[in-house]
Amino acid sequence: MSTTSGRKPARKSRPGHVKGAMGQALAHDSAHLHVTGAAVYTDDLPEPKQLLHAAVGLSAQAHAELRALDLDAVLQSPGVVDVITAKDVPGINDYGVVIEDDPLLATDQVQYAGQVIFAVAARSVDEARRAARRASVDYATLEALLTARDALDAQSFVLPDQTLTTGDSRKALGNAPQRLSGTVSVGGQDQFYLEGQIAMAIPQEDKGFLVYSSTQHPGEVQHAVAKALGTTAKDVVVECRRMGGGFGGKESQPALIACLAALLARKTGKPVKLRLDRDTDMLVTGKRHDFLIDYDVGFDDSGRILGIEFVLTSRCGMSADLSGAINDRAMFHADNAYFLEHATIVTHRCKTHTVSNTAFRGFGGPQGMFAIEYVIDDIAGSLGVDPLVVRKRNLYGHKRRNVTPYGQVVKDNILPKIITQLEQSADYAQRREAIRDWNRAHRILKRGIALTPVKFGISFTATHLNQAGALVHLYTDGTVHLNHGGTEMGQGLFVKVAQVVANELQIDIDQIRITPADTSKVPNASATAASAGTDLNGMAARQAARKLKKRLIRFASTHFDAPAKSIRFDNNQVMIGSASVSFAELVHLAYMARVSLSATGFYRTPKIKYDRASLSGRPFYYFAYGAAVSEVVIDTLTGEMRVTRADLLHDCGRSINPAIDMGQIEGGFIQGVGWLTTEELWWNDKGELKTHAPSTYKIPVCSDVPADFRVQMLESVKNRERSIYRSKAVGEPPLMLALSVFLAIRDAVASTCEYRLSPRLNAPATPEAILHAVIELAERDNNSHAHRREST
């Protein structure tokens, strides 16, 4: 039909589904680019003329005064153009996220081995890195606190302690018929993203800067760069098309890299790129917090917890970074799936002379869950019953026993359904008995099994971060330009948000151009973190799309003289009564009628309200749930371990993209297995990290995936809250399903003494740790036998 004349639409209709609508299992939007090497990351961008390359000079000591810094040899190195130290920062020498305690460049003191002291710009990467090693530094060594226990003994903290209480734990413990106490530690974890930290800063006219950064939080980088340069946010634009992985390690840490590149660019007047190599990256940047966990639990003869006290001591490193919120979330997840009527949870946020730890997938939640699951396991061991019985005994209820220690009512508890379904589909009971029979017949190899649940709160605990914006343009040919505040790190956020827009406008997803996160398009965006990327940005994009749809309906109603209620969008067509026009035709007609074809969207998460002072309220919009059964085999002579089978059942609500969500479940689980079994961070007594490369730091590889790996999403259960299409977040929760692997290892170790005692096993359960646990358990069992003989 004509796009300029005539007011009757053509009488045709093409019912069906658009490509990319809600619930379709689409490939990642960049999958074809990933596998062909055509996906452009920051280091792949065309390099501007006169680009300089940067490198950093690091502290060799954990804690020392800087008495003298001689950079003459650095400046005289081949290819070197300039260097910067703290004296060259025109603005504020700090990139702290919450408080100003994170210097960009060390001043009179260094506080960890690996802290940046200076940066150098040269004509090539190799020249910059060689020059950075030629500095002469005179240190006056100071006492270094290296472990959380050291810091606790010295009362060294980055932030004040926090205590969460509910009921009267002291009284409940005193009255409990059964009581246990103990200590366990859980290690940290390096994010080990495939693409390392990188930024490229390009001076613009009139003192402006364009910064390409591999970051989960472009807005944070924008403000940090402006602060360092002594300018304002309006003068800095930050862009990120994609990251080669983030996992929380690119939430606060990229600000340092971007600021150093920008400072060198300002001083030299030339574009500067700073890309850390793997070793430097691991030395400089923060990791998952390691925790020391002390517990005291009282329970009845059935295993029901009557009172519990936790002391969670985390190694935060030399600065606060995000440790406050991370430790808060650890407290909020120390209940996991269980009702704790009388509980006290204390967190110590310890300052050590090690790298400042930071965000990592789960953000403190995994450490809190680890604590309670370890305790549940100990209770079951002391009673001589299946740990699953104790878990079921303590689960949250529906109308009773349904309030968390921080006062949030658990309204959507579907864990009993998940556990029952998984218990049956995984043949848990039968396999458990078969494993015990097998262990009685085998002396060297021992098998173990465990079923553990997950309840994970979705929302930023810092309430103001629960907001997002989006920008959607319609072009006259009916195609769409989509931008929002979220960032893509391989998790599939961009394709899911594009599916939301495709579903709302009822157009094929290939009509939508996904564009880089850009602070000049969507301002003040929160980090893509807390598993809330799709919840927030999907809702904002939907609002923008609905604004445009509403304008088009209003126009079509007038143009075609048809009731608005008779107009609907379907499969790239716009139905007007029994007739239709193509979506593209309607958009062009609207343009000719001077209808605005651009819209912004904004979303703020409803219902959440959290009082930071009292640690109470409703910090989470909803909970995501899941459960896993894992089976392992260990070699009691070497400590080697293999996961032989894993059954996962996870709650994604109404999945927007089952293919993407399935990938997140599988990947999250395997990353969690790495955290709990192979990924050991080790510092020597000088505070030097010695596991800073894949030769010494072992992430899971393909051969570590269970040969029998069964993953399912819970079907026909939508989110009770009005999330985007009633879906649920899936980025972080599956990682905690890996707790089943750690506890299956404990079960296997326990079999070496016929389950009479509970093993003392710390995480990660490396072969050395497993072997030590087997030996220690045998010694304890022998001592117990000897004690019984003496008493008789």
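Where is glutamate 754 found? Keep that in mind as you read these notes.

1. This is a predicted model, in which local features need pLDDT of at least 70, side-chain atom pairs count only at pLDDT 80 or more, and totals for chains, interfaces and linings use all residues. Residues are numbered from 1 along each chain as its sequence is written, and side-chain values use heavy atoms, with hydrogens and water left out.

2. Glutamate 754 is found in the loop between α18 and α19; helices (H or I, at least four residues) and strands (E, at least two) are DSSP runs, numbered from the N terminus. Its phi is positive, near 55°, in a residue other than glycine. With 59% relative accessibility, glutamate 754 counts as exposed (over 50%; buried means under 20% and partly exposed lies in between, with a 1.4 Å probe and protein chains only).

3. Proline 764 lies in the loop between α18 (739-750) and α19 (767-791) too.

4. Now look at aspartate 206, in the loop between β9 (198-203) and β10 (209-213). Aspartate 206 is not a glycine, yet has a positive phi of about 55°. This residue counts as exposed, at 71% relative accessibility. Most residues other than glycine have a negative phi, and most peptide bonds are trans.
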